[in-house]
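Visitor: I'm new to this one, could you walk me through its aromatic rings?
Guide: Gladly, let us look at it together.

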Amino acid sequence: MAALDLSNPEALATGGQNGTAVIPGQAEKSRLYRRVAGLEQPAMPLGSKLSDREVGIFRDWINSGAKWEGTALKAANKPAVKEDPRSWWAFQKPVRRPVPIHADERWTANPIDAFVKATLDARGLDPAPPADKRTLIRRTYLDLTGLLPEPAEVDAFVNDRSPHAFETVVDRLLASPQYGERWGRHWLDLVRYADSWGHIHDDDNPNAWRYRDYVIKSFTQDKAYNQFIVEQLAGDELDEITTDSLIATSFGRVGPRVHFREKQNPQYRYDYLDDLIGTTSRGFLGLTVNCARCHDHKFDPIPQKDYYRMMASFFPFVDYDHPLVPAKEFAEYKARKAEIEAQTKPLKQAVKKIEEPYRLAVFEKKLKTFPEDIQAAVKTPPDQRTAGQKLLATQVLSIATAGRKEMALNEADREKVAKLEGQIKVLESKLPAPPPMAAGIRDGDYRFTPDGLGDEPVPGTTANRIVADFKGSYTPEPGTVYQAPPLRFPLDDPAASEVKPAFLGVLTDGDPPTEHRPANNPSTSGRRRALAEWIASEGNPLTARVMVNRIWQHHFGRGIVSTPSNFGKMGALPSDPKLLDWLATEFVRNGWSVKKMQRLIVTSQVYRMSSEYGNTTNLQKDADDVYLWRFPMQRVEAEAVRDIILSASGKLNPKAGGPPFFPAVPAAVRDDVKKIGRWELTKESPATWRRGVYSYYKRAMKYPMFEVLDEPDSNITCERRGTTTVPTQALTLLNDEFVLLQARYFAERVRTAAGDDPAAQVRKAYLIALSREPKPEELQGNLGFLQKQKAWHAHGHSTTDKPDQDALTDLCAVVLNLNEFVYMN
């Protein structure tokens with residue numbers, strides 16, 4: 001049913017190109033029902049079938065009048081007027097409107113304040129007074145660096161009476177390396193970063209951390225955002241390729257993969273392309289383009305052909321591990337490696353031949369535990385398997401292969417294998433150290449073989465191809481110009497027409513180039529570069545808007561558009577469209593500088609407002625603080641909670657970059673983390689007390705503290721972390737071995753600074769953790785707590801035979817569990 005729209009009752013009543021789809025009261029005569037019920041072909045939905053119960057519900061709905069949200073469906077009385085696709089606000093270029101004028105000087109110095117105050121006035125909302133200086137500096141440290149300010153830094157700011165004292169603090173924090181660590185983590189959420197590949201095997205991605213370091217470095221150095229976009233999508237296609245730009249192409253590979261087993265199933269290829277399209281369009285454009293994979297987008301003017309045109313821009317890509325050393329050095333490494341591998345190959349084949357009967361016996365024993373249809377699929381000769389059997393056989397062969405421990409070799413064979421492996425070990429000890437590599441992408445020729453992807457590159461059919469398999473091996477042919485392999489739709493149909501790359505029609509003016517080959521590198525298509533430059537252009541109406549909205553969201557907990565990855569018709573409307581457009585144009589005017597935009601936001605009066613302002617009228621008119629009449633309190637994310645605990649204890653290891661560390665996990669989960677993929681068991685030590693952004697992110701199992709504090713699913717792009725409040729969070733912060741240990745170090749730090757005076761200890765603990773003195777009632781309550789805990793420990797409950805010290809540790813643990821400790825207020 002071409003052009004059939006089911007998104008609203010008017011469109012459904014109008015029907016599609018083939019006529020009316022639903023006749024109210026007459027299900028049997030309704031073509032839509034007949035397709036769903038299988039009474040007409042092709043039956044819907046394609047590739048699956050509704051249950052009898054679901055078909056019955058659909059039939060009864062039509063027979064009862066096809067009511068849509070309580071309104072009976074009626075045929076359209078007049079032809080629908082087609083709306084201009086570009087009439088939606090987000091598809092129009094930002095307009096820089098004049099900054100509002102106010103009599104109050106507080107709201108005139110910063111344009112952000114002028115726009116926000118105009119909105120507050122229009123809605124009858126009274127802005128909160130400024131926050132006190134202690135609250136403000138703690139808020140800003142947590143926001144920009146994710147760490148606590150030192151008490152001396154707080155005192156210096158409080159006592160600094162210069163008119164630009166706060167701006168000085170902001171500039172210092174924006175220039176610090178800790179800023180990049182904090183804000184780089186936000187971006188890693190968006191690009192679904194992890195250190196493992198995910199899926200059932202969750203294999204290790206040993207070079208993922210280089211991309212993480214690239215992101216942190218980019219934010220620290222304030223790389224222009226438009227350049228940041230181009231490097232990630234096409235860093236290998238630039239005129240001047242750098243180590244950073246090659247690492248940046250890991251953007252295309254940090255998502256979930258089946259990794260080396262992917263060569264068994266070509267369908268994964270299209271899933272990875274869909275993931276790349278989805279992450280690119282949501283992340284940079286704030287659009288759900290991948291909703292048009294199977295049909296035209298139901299809500300936004302994105303036809304299916306636009307989806308496949310974007311796919312054509314990415315289609316030539318293959319995974320490729322870029323060497324980060326000079327070409328000559330890499331060639332020497334490959335030659336030496338090939339020489340040793342040639343010597344070990346026959347030895348490994350001999351081992352395999354000895355073990356094969358044992359491996360087969362174990363496999364056949366395992367196979368008997370599977371259902372009969374799976375056994376039949378595996379036993380069917382490969383060239384006779386159906387498509388379904390090929391998929392089943394692939395999956396079983398990948399998970400049921402016998403390991404060495406499962407094979408009971410006889411003594412003679414064990415001795416033979418041991419001797420061969422000894423020879424292999426001697427030879428492999430001569431292997432040179434592998435050079436640093438970046439797990440990125442490049443253009444190549446992606447070919448399928450009858451059983452999936454071959455282990456070796458398949459020669460091209462023409463003389464001007466770079467040939468590559470999905471793992472990224474490639475054979476360049478010097479002096480030739482690369483031609484991208486054709487993408488055909490329907491997919492892989494040789495008779496189908498080729499899809500050429502193009503950009504989203506609703507956002508594109510004229511006929512911009514869809515290929516931009518680097519002048520000195522004809523061995524790539526330049527398609528990804530052209531796409532990246534179109535996304536990063538000043539004329540794109542979405543890119544700058546989407547990024548400034550993300551920045552705003554991370555500062556205030558909510559974007560001006562509260563659906564930051566969906567600026568389409570199913571997304572939220574901007575709460576202040578004039579401000580959003582002004583920010584977008586200012587972002588571009590200032591060279592796409594993220595730091596300049598943040599400085600403007602953080603130095604505004606809006607940012608400096610108090611969060612403690614219980615204006616009853618405001619609460620009635622805007623309970624969710626959408627229009628920012630006060631600063632919205634926000635809990636810091638999981639990694640920052642762990643970081644500020646280390647910051648309070650004084651044990652934070654400042655080591656930056658490099659391979660990830662494995663945080664110590666509780667005994668209860670140690671067996672689970674070792675079952676699949678990689679996880680190194682560690683103990684609490686300075687080596688594991690680095691910032692959370694440098695920890696190992698495992699897709700199949702999250703670090704328990706991070707998981708309970710709402711670490712997102714790294715299999716999909718995360719536009720905004722959720723914030724839950726559940727008992728397990730309090731239980732973790734009260735009982736976790738890491739927290740209890742750091743509470744002891746926190747107590748030692750407090751005692752060193754405050755001596756043995758209980759009142760001084762309470763004050764120092766508050767100054768370190770909360771950047772303020774305790775209130776009188778808090779001081780008295782905590783002194784009573786110390787006295788009570790000291791008595792309890794003195795009666796046989798002390799772990800150190802020092803009741804005073806144990807009581808102070810208990811107090812410090814309580815402070816780490818205060819709501820105020822983990823919130824920006």
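Predicted model: local features only at pLDDT ≥ 70, side-chain atom pairs only at ≥ 80, totals over all residues.

Visitor: Which ring does the charged end of Arg-642 sit over?
Guide: The charged end of Arg-642 sits over the ring of Phe-738, and the distance to the centre of that ring is 4.8 Å.

Visitor: Back to Phe-251, which aromatic cluster is that residue in?
Guide: Phe-251 belongs to one aromatic cluster together with Trp-187, Tyr-211, Tyr-214, Phe-219, Tyr-225, Phe-228, Phe-284, Phe-587 and Trp-592.

Visitor: And how many aromatic pairs are there?
Guide: The count comes to 31 aromatic pairs. One of them joins Tyr-225 and Phe-587 in a tilted arrangement, with 6.0 Å from centre to centre and 40 degrees between the planes.

Visitor: Where do those two lie in the sequence?
Guide: Tyr-225 lies in helix α10 (residues 225-234) and Phe-587 in helix α20 (residues 577-589), so their pair ties together parts that are 362 residues apart in sequence.

Visitor: Is Tyr-225 buried or exposed?
Guide: Tyr-225 is buried, because its relative accessible area is 2%, under the 20% cut-off; Phe-587 is buried as well, with a value of 1%.

Visitor: What about Trp-679 and Tyr-696, how are they arranged?
Guide: Trp-679 and Tyr-696 form an edge-to-face pair, 6.1 Å from centre to centre and with 90 degrees between the planes. Both residues lie in the loop between α25 (670-673) and α26 (704-708), so this pair ties together parts that are 17 residues apart in sequence.

Visitor: Buried or exposed, those two?
Guide: Trp-679 and Tyr-696 are both buried.

Key. Residues numbered from 1 in each chain as written. Heavy atoms only, no water. Phe/Tyr/Trp six-rings, centres within 6.5 Å; stacked < 30°, edge-to-face > 60°. Helix = DSSP H or I, 4+ residues; strand = E, 2+ residues; numbered from the N terminus. Buried < 20%, exposed > 50% of the residue type's maximum accessible area, 1.4 Å probe, protein only. Lys NZ or Arg CZ within 6 Å of the ring centre and 35° of its normal.
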